[in-house]
Amino acid sequence: MKKFSSSKVLLAAAILSLSANASAVEFIYKPASLTEVATNLQKVEGGHLERFKKPFEVQRLSENIYWISVANYNVTLLVGKTGALLIDAPIHTGKRILKAIEAITDKPLRGIVYSHAHADHVGDSGVLLKELSDNKIDIYATEEVRDALISHKVTLPAPVTKIISDKLVFEEHTFEVYQNFDGHTPDNTGFLIKDGGRKILHAIDLIHPDQLEFRSFSNVENAIAYKNDIDYLLSLDWDVMVTGHSNLGYKEDVKFVQEYIRDVQSYIHQGHSKADFSAHLKSNTPFAWYAGYSDEVIDFATSLLAKKYREGREEEFDIVARSHVEVLFWAMLARAL
């Protein structure tokens with residue numbers, strides 16, 4: 001195994017308030033380490049822009065599992081007895097991921113797993129195959145992911161060669177496969193593996209640790225199913241999470257998102273109770289009625305959300321928060337929630 005040059009370990013504490021009344025959670029921030037396993041609540045130091053500009057970062061998560069970060073995309077690498085298995089291959093990251101793998105192990109890449117059919121997370125698998133000139137690399141995915149790639153005509157990723165269901169066995173390791181994360185996309189798949197006493201979960205585009213969620217909760221396809229996904233994440237038994245973007249994730253990060261969603265829903269309900277639909281019946285176009293009413297409720301809910309969540313994260317809040325309220329507003333309205 002190749003090693004990075006050692007550097008002085010720096011400690012930093014960051015407090016993430018889970019709610020206005022809940023006790024704060026203290027994370028530990030250190031430089032990414034190829035050799036030292038991340039302890040509980042340990043994350044990788046550095047801002048988003050700083051991390052984006054680095055060629056790659058590697059953090060060891062257990063005896064055989066590594067977090068690799070390239071250009072704000074995160075993937076998981078498992079090193080087996082004779083070969084390595086990669087989960088996801090984000091677009092425009094392939095060559096740097098190969099450099100990261102070379103820094104971790106001399107063992108050949110023997111498999112790539114797809115978490116879901118979005119090309120931004122799996123689009124460079126073909127680049128990896130081309131760079132390695134190796135036709136012995138298996139491409140694993142659930143039947144649903146394979147079918148989504150085909151039906152959506154996503155041609156950039158390499159074709160799936162092996163279908164998986166509830167388990168994925170690679171050499172001496174067994175992954176639990178979760179196909180019921182249906183909010184972000186119907187085919188979104190989670191993977192849980194136990195290794196060296198650690199339980200590592202790879203689940204993509206559900207949470208973004210150390211920041212608010214991306215616009216419309218990562219362009220969620222089903223907002224109510226997404227809310228249920230967040231609840232389900234907390235019911236599973238895992239220690240650390242590879243999240244697809246941003247930093248390492250822990251259950252404290254999931255709890256933050258869970259409470260944020262509950263607050264959005266509560267503020268929308270309060271907005272409905274205060275708004276008067278008849279006050280918007282001023283046009284001969286029904287679209288105008290609903291636009292006026294929805295804007296009133298959404299603006300009201302966003303203003304309440306700002307009182308609790310905007311301070312200290314003003315820039316990102318002003319970019320994404322209203323979109324979170326909008327997507328849940330329409331989902332709740334359609335289901336009378």
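Let's start with an open sheet of 7 strands, ordered S4-S5-S6-S7-S8-S9-S10 with mixed pairing. Strand S4 (57-60) and strand S10 (162-164) are the edge strands; each has a single partner strand, so one side of each is left without a neighbour in the sheet. Direction ignored, neighbouring strands here are turned by 25° against each other on average. Two strands count as paired if DSSP finds at least two bridges between them, while the elements themselves are DSSP runs numbered from the N terminus: helices are H or I with at least four residues, strands are E with at least two. Axes are lines fitted to C-alpha atoms, for helices over the stretch in contact, and angles run from 0 to 180 degrees between N-to-C directions.

Before going further, please keep in mind that this is a predicted model, in which local features need pLDDT of at least 70 and side-chain atom pairs count only at pLDDT 80 or more, whereas totals for chains, interfaces and linings use all residues. Residues are numbered from 1 along each chain as its sequence is written, and side-chain values use heavy atoms, with hydrogens and water left out.

Within the sheet, strand S7 (residues 84-87) and strand S8 (residues 109-113) run parallel and are joined by 4 bridges. You can find one of the pairings at Ala84, whose bridge partner in S8 is Leu109. Helix H5 (residues 143-151) lies across strand S9 (138-142) and S10, running at about 100° to S9.

Now turn to the other sheet. It is open too, with 5 strands in the order S11-S12-S13-S14-S15 and mixed pairing. Its edges are strand S11 (167-170) and strand S15 (240-242), each with a single partner strand, so one side of each lacks a neighbour in the sheet. The twist from one strand to the next averages 25°. Strands S12 (residues 173-178) and S13 (residues 190-195) run antiparallel, joined by 4 bridges, and Phe175 stands opposite Ile193 in S13.

The end C-alpha atoms of residues 72-245 lie 5 Å apart, and the span is 29% helix and 28% strand.

Two residues are worth a visit. His121, in helix H3 (residues 119-122), is buried, with a relative accessible area of 1%. Buried means under 20% relative accessible area, exposed over 50%, and partly exposed in between (1.4 Å probe, protein chains only). Leaving aside neighbours within four places in sequence, the contacts of His121 (heavy atoms within 4.5 Å) include Asp88, His116, Asp205 and His245.

Asn222 sits in the loop between helix H6 (215-219) and helix H7 (223-235). At 26% relative accessibility, Asn222 counts as partly exposed. Not counting residues up to four places away in sequence, Asn222 touches Asp182, Gly183 and Arg335. The C-alpha atoms of Asn222 and Ala331 are separated by 7.7 Å, although the two are 109 residues apart along the chain.

Finally, step back to the whole chain, which has 10 helices and 15 strands. Its C-alpha trace spans about 70 × 45 × 35 Å along the principal axes. Buried residues make up 52% of the 337 residues. Among contacts with a separation of 6 or more, 65% come from residues 24 or more positions apart.
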